[in-house]
Amino acid sequence: MNEISVRVRRRTPGRGRLLAGVLTVATVIASLAVTTLARAEPSGPPGTTLKAAAERSGRYFGAAMGRDRLSDNGFLTIANREFDMMTAVNEMKPDATQPNRGQFDFRAGDAIYNWAVQRGMRVRGHTLAWHAQQPRFWSTLSGGALRTAMIDHINGVMTHYRGKLAAWDVVNEAFAENGSRRSSNLQSTGNDWIEVAFRTARNADPSVKLCYNDYNIENWTYAKTQGVYNMIRDFKARGVPIDCVGLQTHFTGGSSLPGNFQTTLSSFAALGVDVALTEADVTNASASQYQGLTQACMNVPRCIGITTWGIRDSDSWRGNENPLLFDRNSNPKSAYTSVLNALNAASTTVPGTTPSSPGPSSSTPPVSEPSGPCTATYRMTNSWGGGFQGEVTVTNTASGTRNGWTVTLTLPGGQTLVNVWNAVNTGTSGTVTFRNAAHNGSLGANASTSFGFVANGSGGTAPGNLGCTSP
Ligand code: XIL
């Protein structure tokens, strides 16, 4: 628990400005319930864990952990059972990853990363450029020198994690409550610092999803939400690379679940970005608010997943507010049940994913036509006893734009896929095909994209018969 951060959060808008009396929430939840009467697409039995329930609709359910939790068996047991996405609470932040200029330290971040991927989870990177938790030497810099330091930092960290992460929060909390940019040393380097960060990030790791992440952007009519929305719209219009918006979803007494949360999510998504709830916690774990925030996400196809900022109340940075889904004795609370039920009742699936139970969107076999000049190259990005992580880069070698690709490869005996991202697989062992995901099928002339996977077995032998066809 960090007092400074809690104080920062408390400066967030007052109870009156940011909606939501109990009655409003109740009304909204009632109306949301009407919109989800249609049966969820995935068939099959409901999931009995958060991750199983989320995966039915192609979504994930994540948590955040600090390095100290790696020796906390109570935490690890729940994490392993319930979650399929992990975020490092502090260990991938700028002050942690580059304590001194040019001296990067990935030990703590890697420890969390390795623990998670070795259990088939994916990892969100958090965060690269932020006004808080900066390397101490940044405080001695300004102007062009600080800009250069930011670029160097993004390149250094993203090179280390290249091809390994599901997403990066490239820029965190860059807006003020009134919808203008937050004043900070980074903002003082010029208003274009955010787009420079995103362009740098895309070059450093073309395969990872690049997110803007912030708090108090859940209420659609709130000035800060509109400020962020306008920036994302501008980025999309001008071709600044951005793939996702993270809504932290810290609901306190002063900023509880807004009645228009689903409108916010769908409005961002309509700009052509994924949305995710990245740091959810709710004062006293209100079951109705947890139900409502989950249901809002389930109603928006491009809402790809939810992360809670910790697992048990004893893990929370707001621990005295008991805001998480598990109590201090590791018991699930009533909010857990409401989240689980809302996940299982999802009315939409994430485009381009394979929901864990067969539904209409996942039942079409991939089409392979021997038409396309594209190439696929493989590299192993990480390995450990009993498993490894691989990355395949797909390049369009044609002179025109290619819409859709399919990669085929043969996994040697003993290798079995446990997790795939940025592509949709058919099969998990032997000959496997990977079809492009919704966001990376279109490749301009000579353009490349990558997808990744985690597999059980020894990665010592690379896949054979690697081929790429189009679409
Ligand atoms: C918090 C951590 O939970 C604390 O341990 C740390 O002292 C301060 O940062 N928004 C974010 C997160 O993006 O990085 C913050 O995490 C919580 C608010």
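Modeller: Strands β14 and β18 run antiparallel and are joined by 5 bridges, where two strands count as paired if DSSP finds at least two bridges between them, and where strands (E, at least two residues) and helices (H or I, at least four) are DSSP runs numbered from the N terminus. Within this pairing, Leu417 has Ala455 in β18 as its bridge partner, and Ala455 also stands opposite Phe388. The model is a predicted one, in which local features need pLDDT of at least 70 and side-chain atom pairs count only at pLDDT 80 or more, while totals for chains, interfaces and linings use all residues. Residues are numbered from 1 along each chain as its sequence is written, and side-chain values use heavy atoms, with hydrogens and water left out.

The sheet to which these strands belong is open and has 4 strands in the order β10-β11-β18-β14, with antiparallel pairing; its edge strands, each pairing on one side only, are β10 (374-384) and β14 (416-421). Neighbouring strands are turned by 25 degrees against each other on average, direction ignored, with axes fitted as lines to C-alpha atoms, for helices over the stretch in contact, and angles running from 0 to 180 degrees between N-to-C directions.

Strand β11 (residues 387-396) pairs with β10 in the antiparallel sense over 10 bridges, Asn382 having Gln389 in β11 as its bridge partner, and 9 bridges join β11 to β18, again antiparallel. Because 7 of the 9 residues of β18 are buried, this strand is largely enclosed by the rest of the structure, buried meaning under 20% relative accessible area (1.4 Å probe, protein chains only). Helix α6 (residues 107-117) lies across β10, β11 and β18 (448-456), running at about 105 degrees to β10, with contact meaning heavy atoms within 4.5 Å.

Methods:
Buried means under 20% relative accessible area, exposed over 50%, partly exposed in between (1.4 Å probe, protein chains only).
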